[in-house]
Amino acid sequence: MDRGEGLTIRVPGDKSITQRALILGALADGESRIGAVPRGGDPLATARAVAALGVEVRGLDGAGSEPVRIRGPGLRRWTQPAGALDLCNSGTGTRLLSGALAAQPLEVVLRGDASLSQRPMERIAAPLRRMGASVDYLERPGVLPMRIGGGALTSVRHDGEVASAQVKSAILLAGIGAGVPVEVREPHRSRDHSERMLEAMGAEVVEGWRGDAWSVRLADPPARLEPLDMDIPGDFSSATFFIAWAALATGQLPVTIRSVGLNPTRTGLLPVLARMGVDVEVLPRGAPGGEPAGDLRVAGQGAGLQAVEVGGDEVPGLIDEVPIVAVLAARADGVTRISGAAELRVKESDRLAALAVNLRRIGVAVEEFPDGLEIRGTGKPLSGRVECFHDHRIAMAFGVLGASPGCDLAIDDPGVADVSFPGFWELLARVERHSVAGAPHPGPTPAASPGAGRCIVVAVDGSAGSGKSTTAAAVARRLGFRHLDSGALYRAVTLALLESERGSEDVEDVTPAELDALRIGLEWHDGTMHVRIRGTLVPDEALRESRVTSEVSRVSAVPLVRDHLLELQRSAAAGPGLVAEGRDMGTVIFPSAEVKVHLDAEIRERARRRLLQRGRQPAPEEVDAEAARLERRDQRDSTRAIAPLSRAEGAVTVDTTELDPPGQTEVIVQLVLPFLTSVEYN
Ligand code: S3P
């Protein structure tokens with residue numbers, strides 16, 4: 001997240017697409033690469049289930065920057081798991097795996113948590129039985145735990161009463177696995193991620209309206225599936241929480257959500273938002289891996305939210321976003337009517353009931369119908385305790401409402417958000433802090449001209465002697481970006497304090513007023529940073545004076561000093577791009593930087609470089625002694641209480657031991673290039 005022209009954030013990868021990629025990758029012939037896999041509870045549960053079926057899944061333990069690799073054994077090669085597969089809260093994982101399992105000559109028990117064990121399974125069991133699989137419920141009819149006995153299947157044509165992508169996908173997977181043609185007809189068009197992915201893997205899926213039903217046919221299933229090579233786009237459904245936050249909370253900060261999936265079968269909320277008066281700009285960036293993706297930019301809402309009517313054909317395209325519509329409706333002018341949404345009663349909770357109960361509890365007038373809600377918007381203060389009913393979307397929808405002016409809500413079980421959006425509450429807290437810090441609205445939206453207002457941030461950190469200063473400066477020069485040298489900024493504060501009445505005594509007790517009085521400012525000449533103290537430009541030599549060198553680490557460890565420089569550093573993110581160098585760039589200052597790099601090198605090489613920097617060719621024993629010093633420093637740096645040196649989440653580690661400075665620069669430039677082309681909207 002950064003604030004150049006407003007606020008820029010990213011959301012985790014799409015869980016619908018991820019779970020499909022995991023299951024289809026496990027049916028492919030060969031190794032699939034899936035980048036940007038989100039680590040939410042649902043995808044992890046599905047990945048564990050796939051691994052329990054004997055499929056090799058690698059890379060899930062990492063922080064998320066490494067792609068996940070799945071070695072698909074082929075269509076009917078899964079092996080008997082040791083016990084039941086626990087899908088936790090994942091309805092998508094359960095239903096899609098059931099379809100795939102129907103074609104495997106295995107007997108597998110599926111179970112889940114309390115919420116998943118309430119959800120109807122007969123909708124997939126019935127067509128799978130018609131194809132020849134056995135499906136038995138082990139405790140109560142129609143719900144998990146259930147046992148699937150698979151094997152040879154016959155072809156089926158399924159006429160679904162409701163549009164359900166999970167049912168459709170289960171049947172397609174059974175057909176693919178068993179090598180038999182299948183057709184699914186539904187009254188409305190549901191999300192088509194499975195169809196797109198199957199096409200990308202070499203299967204032909206024919207879709208279109210047949211009479212008044214949407215038909216999806218797999219007429220000639222291939223004998224094998226090609227492995228996948230794709231990156232998961234951000235989850236549109238997760239992004240909508242921050243669209244709602246922007247619409248409810250501020251109206252003053254434009255919010256940009258980067259790299260979000262824009263599959264048209266998922267984005268049905270956008271026209272509804274437009275009718276409500278929320279201005280969302282869609283900036284497409286192509287369709288890598290067959291799934292359209294791009295940025296969403298919310299300029300806030302000026303004239304106030306308007307009530308809407310939502311129903312019929314529109315519902316499948318926003319099925320997971322009804323909680324968002326409901327919380328926006330609570331603050332809209334007039335009565336919002338949602339109909340044709342009976343399916344919401346069988347999601348992670350009975351969402352219609354959960355919305356009605358909670359909205360009423362906090363002071364909103366609601367009427368509940370079998371297939372919808374009527375919500376009367378209000379401007380009065382809303383407060384109370386929200387019950388999540390094990391449902392991530394209920395928790396997050398009320399979370400954003402609670403973060404808006406005039407609301408005081410307590411969410412009873414915030415942890416449920418983790419199934420789709422780990423880190424949701426932290427991100428919400430951060431965006432709130434930004435809006436409170438309150439940059440004035442920068443005026444007319446700069447995105448009117450392509451590329452304007454979009455600053456690509458490259459965060460570079462690394463251990464002492466890893467080469468970060470020279471490299472960061474060179475990368476900035478190569479790309480025409482600004483170079484933020486945070487070390488120089490801390491040196492400037494140190495120098496200013498040394499020259500003030502306080503001197504270097506008791507720097508820990510420095511007050512905000514004293515820091516304000518230093519009037520530290522930044523400016524750039526051809527991308528190079530210069531610091532002003534009390535209006536006067538500081539020469540570089542002054543920053544390198546030995547009295548500054550000996551005090552700077554104490555000064556930079558003072559939390560107030562770090563806080564004081566936070567906004568100043570963030571304000572550096574303007575123009576086409578910024579290379580931000582320093583120990584907390586990727587973790588604190590720019591946690592949503594487009595590219596995060598952590599430079600490292602073997603300790604003796606780092607020692608050698610540091611000695612060389614001091615201007616002499618070191619002898620081997622000097623290198624040893626310096627290496628020992630560096631080791632102690634690393635230890636201190638990584639364990640210090642304030643701004644410890646740690647690898648930022650999502651950072652790419654570059655080992656520079658064998659790289660000369662131009663080589664290091666090149667590696668980072670290559671990491672940035674995809675972002676440079678992707679900002680040219682099509
Ligand atoms: C999903 C389909 C939808 C949706 C769910 C994910 C999917 O469910 O609500 O969150 O990944 O296929 P239905 O297929 O039951 O409508």
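Trainee: Before we start, what should I know about the model?

Mentor: It's predicted, so local features need pLDDT of at least 70 and side-chain atom pairs count only at pLDDT 80 or more, while totals for chains, interfaces and linings use all residues. Residues are numbered from 1 along each chain as its sequence is written, and side-chain values use heavy atoms, with hydrogens and water left out.

Trainee: Into which domains is the chain divided?

Mentor: Domain bounds come from an automatic or database domain assignment. Here you get domain 1 (15-231), domain 2 (236-432), domain 3 (454-472 + 576-676) and domain 4 (482-572).

Trainee: How much area do domain 3 and domain 4 bury between them?

Mentor: Buried area is the accessible area (1.4 Å probe) that two parts lose on being put together, summed over both. For domain 3 and domain 4 that comes to about 1200 Å², with 52% of it on carbon and sulfur atoms. On the domain 3 side, Leu578, Ile589 and Ile642 lose the most area to domain 4, together 37% of what that side buries. Contact means heavy atoms within 4.5 Å, and 18 residues of domain 3 are in contact with 13 residues of domain 4. The C-alpha centres of the two domains lie 21 Å apart.

Trainee: Now helices. At what angle do α14 and α18 pack?

Mentor: Helices (H or I, at least four residues) and strands (E, at least two) are DSSP runs, numbered from the N terminus. Axes are lines fitted to C-alpha atoms, for helices over the stretch in contact, and angles run from 0 to 180 degrees between N-to-C directions. Helix α14 (residues 486-499) meets helix α18 (residues 559-570) at about 130 degrees, axes 11 Å apart. Angles under 35 degrees count as roughly parallel, over 145 as roughly antiparallel, 65 to 115 as roughly perpendicular and the rest as oblique. So α14 and α18 are oblique to each other.

Trainee: Which residues of α14 and α18 meet?

Mentor: Ser486, Leu489, Tyr490 and Val493 in α14 touch Val561, Arg562, Leu565, Leu568 and Gln569 in α18. Ala, Val, Leu, Ile, Met, Phe, Trp, Tyr, Cys and Pro count as nonpolar, Asp, Glu, Lys and Arg as charged, and the others, Gly among them, as polar.

Trainee: How are α9 and α11 oriented to each other?

Mentor: Helix α9 (residues 322-330) packs on α11 at about 25 degrees, with axes 9 Å apart, so the two are roughly parallel. Pro323, Ile324 and Val327 in α9 meet Arg393, Ala397, Phe398, Val400 and Leu401 in α11. By class, the contact has seven nonpolar, no polar and one charged residues.

Trainee: And the backbone: where is Pro145 found?

Mentor: Most residues other than glycine have a negative phi, and most peptide bonds are trans. Pro145 is in the loop between β7 (134-137) and β8 (146-149), and the peptide bond from Leu144 to Pro145 is cis, with omega near 0 degrees.

Trainee: What phi does Phe389 have?

Mentor: A positive one, about 50 degrees, although Phe389 is not a glycine. Look for Phe389 in the loop between β21 (382-386) and α11 (392-402).
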